[in-house]
Amino acid sequence: MWPRICRRIPKEVFTVLGRLHDSGYQAYLVGGAPRDLLRGAVPQDWDIATDARPEEVKALFARTIALGEKFGTVGVLIGDQQLEITTFRREGDYRDGRRPDWVEFTPDLVADLARRDFTINALALDPLGRRLVDPFRGVWALKRRLVKAVGDPAARFQEDPLRMLRFYRFQATLGFRGEAATERGIEAEAITKVSGERIRDEMTKLLLGTDPARALRGMARSGLLTAIMPEFKAIWTTDPSIFTHLAATVQAIKPTAELRWAAFLHDLGKAVTRQVDGDRVRYYGHEKAGQELAAEILERLRFANAFRQKVLTLIRWHMFPADPGLTDAALRRLVGRVGPENIVDLLELRRADIIGTGGPCAQAGENLARFNRRVQALLANETVFTRQDLAVTGHDVMAFLGLPPGPQVGAVLDDIFHWVTEDPARNRKELILEYLQKWRAAH
Ligand code: ATP
Ligand code: MG
């Protein structure tokens, strides 16, 4: 196994491990790196644990950055890699459910592994000494593709309730099952003690995973989902198949953070707009209701403004008509409403929505492909999507018509915009003023 593993470790990592060893310290790869190396994947980052103190680590390397030295972490820059070196530590009780009462450095590697969340994350690998330290049978769990808590699950989740969400996050990113006994340790309401930012980051990683649907089903089962997003509660009392559809849409859509979030929230409004009308169920205005619910969730989880706006736009317009009969003018106005930068993602949401509804119907797929070609042709030509793209401004309109500033100027611009989208060749100042001349005569 060693040659196969060592081949995937960058030489900079060996340099750092070697220098610590030569100075008489222990040094191991810990966290995600040994887990990913042993399951045959490429680690995202290289965390190193050592019994050297932070000041001793800093003395060994030319370029270091402080990354939370109080907690024992020093960043080392070497070649084009940045590695994190953390001193072995043990932690006291978590009486506030946020952070341990005390942290102390220790020369004991096993104590450091014991504070980690899941057995697959509690391995230590020393590729120089060819040693694998596995006190919690992490390799056994890796082989069974199982996420299992280190120690007593309920106690570990109480210490840091974010671990409940990480339990599902690793199921989503690794495609592993969650151990039943670990899931029974979940006390979902405790998640409300965790900050929005920490939930945001783990939830986004979960959604970006290869198997988000499984993880979301688990979160729904244990109550963690509604503890984080009470907006989902109405789904369980009206129509649980809405949730099944949302999870399937997430699974089907391209893995960018905005798309995955939009897919997960796009039909949230259905539970509050559902109406039974004879033998039909209708959801009038669910895209607007959903946008409002999603806005609250994204705000609470402290997403940046640009991210929120994009997701909300996709949700708001996800019911757009992808009808082959749509006129060019209507298509240009649609692109104007959602923004040229969002239209491709809106089509991707529609594609996933169709798959999430129970498989692609050939007709819908064909229509969408044709629609996509029309949009691409439109985007390739410079054209008029919003009022800002018009060849005249509000000032031009006021000067030409002798209007004072006010809502009437906006109304005239809307009228011009409508006229220009009928035929983008009209977007020239002299043509628009000619049009206004007639408009003035008519009013
Ligand atoms: P990824 O590859 O997605 O970064 P990772 O396992 O490296 O996965 P991180 O969140 O970067 O995950 O954490 C690094 C390691 O630190 C984990 O593998 C785990 O051992 C430990 N860890 C992180 N967060 C916690 C926590 N809340 N409780 C206990 N241990 C944790
Ligand atoms: Mg990591």
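**Exercise 1. How much space lies in the largest pocket of this predicted model?**

Let's start with the volume: about 1,600 Å³ of space lies in the largest pocket. Next, look at the residues around that space. The lining has 44 residues, and those closest to the pocket centre are Asp47, Asp117, Arg166, Arg169 and Glu202.

**Exercise 2. Work out which elements and domains supply the lining of the largest pocket.**

Step one is to go through the helices: H3 (32-38), H8 (162-174) and H10 (196-207) each give at least two residues to the lining. Step three asks who gives the largest share, and that is H8, with seven residues. Finally, turn to the domains: domain 1 (2-144) and domain 2 (162-228) each contribute at least three lining residues.

**Exercise 3. Sort the lining of the largest pocket by residue class.**

**Exercise 4. Now describe the second largest pocket in the same way.**

Begin again with the volume, which is about 380 Å³ for the second largest pocket. Of its 20 lining residues, His245, Asp267, Lys270, Asp353 and Thr357 are the closest to the centre. The elements giving two or more residues to this lining are helices H14 (241-252), H20 (343-356) and H21 (362-380). Helix H20 has the largest share, with four residues. To finish, sort this lining by class: eight residues are polar, seven are nonpolar and five are charged.

Methods. Residues are numbered from 1 along each chain as its sequence is written. Chains are lettered from A and ligands numbered from 1 in the order in which they are written. This is a predicted model: local features need pLDDT of at least 70, side-chain atom pairs count only at pLDDT 80 or more; totals for chains, interfaces and linings use all residues. Side-chain values use heavy atoms; hydrogens and water are left out. On a 1 Å grid over the protein atoms alone, a cavity is a set of points where a 1.4 Å probe fits but cannot get out, and a pocket is an open set with protein on both sides within 12 Å along at least five of seven lines; lining residues have an atom within 4 Å of a point. Grid points are joined across faces, edges and corners, and a volume is the space filled by probe spheres set on the points. Ala, Val, Leu, Ile, Met, Phe, Trp, Tyr, Cys and Pro count as nonpolar, Asp, Glu, Lys and Arg as charged, and the others, Gly among them, as polar. Domain bounds come from an automatic or database domain assignment.
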